[in-house]
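Biologist: Thanks for sitting down with me. Could you show me the model and take me through the terms as we go?

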Amino acid sequence: MVKVAGRRLEVTEELTGVEQGKCLRRRGTDSPIPYENETRFAPVGGGTRVTWHQESGSLGGVFGSLADTVVAKLYARDVRSNLEHAKALLEAEETR
């Protein structure tokens, strides 16, 4: 389950590629919005930089009259917030 612009969507993902310690690639297989995403990991100083990128098909049909660009911006904000929260949790764990 993911939230996009406040709406809950059930999705199933397929792992489409792995570069050990560097990258994970996934795509939605059972999702109302077609998408593929990639998460990259790179060593930086004493930690790891995580870069997340997603390509999505048209969102408009799922959200009625909302334009793709509006929904995409809201979703990007949600993803950014989730990644910042994950970073805070991981950094807090390191100090224990």
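Modeller: Happy to! On a 1 Å grid over the protein atoms alone, a pocket is an open set of points where a 1.4 Å probe fits, with protein on both sides within 12 Å along at least five of seven lines. This is a predicted model, in which local features need pLDDT of at least 70 and side-chain atom pairs count only at pLDDT 80 or more, while totals for chains, interfaces and linings use all residues. Residues are numbered from 1 along each chain as its sequence is written, and side-chain values use heavy atoms, leaving out hydrogens and water.

Biologist: What is the volume of the largest pocket?

Modeller: About 620 Å³. A volume is the space filled by probe spheres set on the grid points, which are joined across faces, edges and corners. The second largest pocket holds about 420 Å³.

Biologist: What makes a residue part of the lining?

Modeller: Having an atom within 4 Å of a point. For the largest pocket 25 residues line the space, and Val4, Trp52, Gln54, Tyr75 and Val79 lie nearest its centre. Helix H1 (68-94) is among the elements that give two or more residues to this lining, and H1 has the largest share, 9 residues. Helices (H or I, at least four residues) and strands (E, at least two) are DSSP runs, numbered from the N terminus.

Biologist: Which element gives the most to the lining of the second largest pocket?

Modeller: H1 again, with 7 residues. Among the residues lining that pocket are Leu83, Lys87 and Glu94.

Biologist: Why is Arg26 called buried?

Modeller: Buried means under 20% relative accessible area, exposed over 50%, and partly exposed in between (1.4 Å probe, protein chains only). Arg26 has a value of 16%, so Arg26 counts as buried. Its place is in strand E4 (residues 23-28).

Biologist: What makes a polar contact with the side chain of Arg26?

Modeller: The side chain of Thr39, at 3.0 Å. The term asks for a pair of N or O atoms within 3.5 Å; within protein, one must be able to donate a hydrogen and the other to accept it, and residues adjacent in sequence count only if both atoms are side-chain atoms.

Biologist: And which residues of H1 are buried?

Modeller: Val71, Tyr75 and Val79. An α-helix has 3.6 residues a turn, so residues three or four places apart point the same way. E1 and E6 are among what covers the buried residues of H1.

Terms used
Contact = heavy atoms within 4.5 Å.
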